[in-house]
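Visitor: I would like to walk through this model with you, one question at a time. Could you show it to me before we start?

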Amino acid sequence: MAEMTFSLASLPVPVQMPPRCARCGRAASGTRRVWLKVNSPCAGPDLTASLAGVSEDDQRRWHDLRQLFSHGKGVVELPVCWWHRWIMPPMIGVKSMTESRVTLWGLADSFVQAMKQRGWH
Ligand SMILES: [Zn+2]
């Protein structure tokens, strides 16, 4: 399994991705949305936890992030195979997230390779 970091400002859309399942690398037959939930940010507190003990800067940062998400950017649509679309949840998750980037894990190595060939890093 591989991971990959995307800029939140330019998340790829399915047409920019290889026609492969993001989870297992088989031929894709559809897409599936992965919600970018901020329950384990690499720095800073749990978003669901109280913000009482957090510095004002951090509070503002998380506020901005929530604003971004409230505008519908908190989701990335990934190509998946029939199996991972209808039978098994693909188990792709958010490893870490900051105000500008997100790292997804649980991606197929061949999917990441194909993404890199298309210029995504
Ligand atoms: Zn699959």
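Visitor: Leaving aside neighbours within four places in sequence, which residues is Phe111 in contact with?
Guide: Happy to start there, with the reminder that this is a predicted model, in which local features need pLDDT of at least 70, side-chain atom pairs count only at pLDDT 80 or more, and totals for chains, interfaces and linings use all residues. Residues are numbered from 1 along each chain as its sequence is written. Two residues are in contact if their C-beta atoms, placed from the backbone, lie within 7 Å. Once neighbours within four places in sequence are set aside, the partners of Phe111 are Pro18, Arg20, Cys21, Ala22 and Gly25.

Visitor: Which residues have the most contacts inside the largest nonpolar core?
Guide: Such a core is a set of buried Ala, Val, Leu, Ile, Met, Phe, Trp, Tyr and Cys residues joined through C-beta atoms within 7 Å. Buried means that 20 or more other C-beta atoms lie within 10 Å of a residue's own, exposed means 12 or fewer, and partly exposed is in between, with C-beta atoms placed from the backbone. The largest core here has 20 residues, and those with the most contacts inside it are Cys21, Ala22, Leu107 and Phe111.

Visitor: And which elements give two or more residues to this core?
Guide: Elements are DSSP runs numbered from the N terminus: helices are H or I with at least four residues, strands are E with at least two. By that naming, the contributors of two or more residues are β3 (75-80), β4 (93-97), β5 (101-107) and α3 (109-117).

Visitor: Why do the buried residues of α3 line one face of the helix?
Guide: The buried residues in α3 are Phe111, Val112 and Met115, and what covers them includes β1 and β5. The face turned away from them carries the exposed Asp109, Lys116 and Gln117. The arc is taken from the directions from the helix axis to the C-beta atoms. Seen down the axis of α3, the buried residues line one face because they fall within an arc of 95°.

Visitor: In what order do the strands of the open sheet come?
Guide: Strands pair if DSSP finds at least two bridges between them. Strand β1 (residues 2-7) pairs with β5 over six antiparallel bridges, while β4 and β5 are antiparallel over four. The three strands therefore leave β1 and β4 at the edges, each with a single partner strand, and the order is β1-β5-β4.

Visitor: Which residue of β5 does Met97 stand opposite?
Guide: A hairpin joins β4 to β5 through three residues. Along this pairing, Ser96 stands opposite Thr103. Phe6 stands opposite Val102, and the residue opposite Met97 is also Val102.

Visitor: What is phi of Met91 near?
Guide: Met91 sits in the loop between α2 (82-87) and β4. Met91 is exposed, with 11 other C-beta atoms within 10 Å. Its phi is positive although the residue is not glycine, with a value near 55°.

Visitor: Which element has the highest mean pLDDT?
Guide: pLDDT is the predictor's confidence in each residue, from 0 to 100. The protein has a mean of 80, with 74% of its residues at 70 or more. Over residues 40-51 the pLDDT is below 50. Among the elements, helix α1 (residues 56-73) has the lowest mean, 65, and the highest, 96, belongs to α3.
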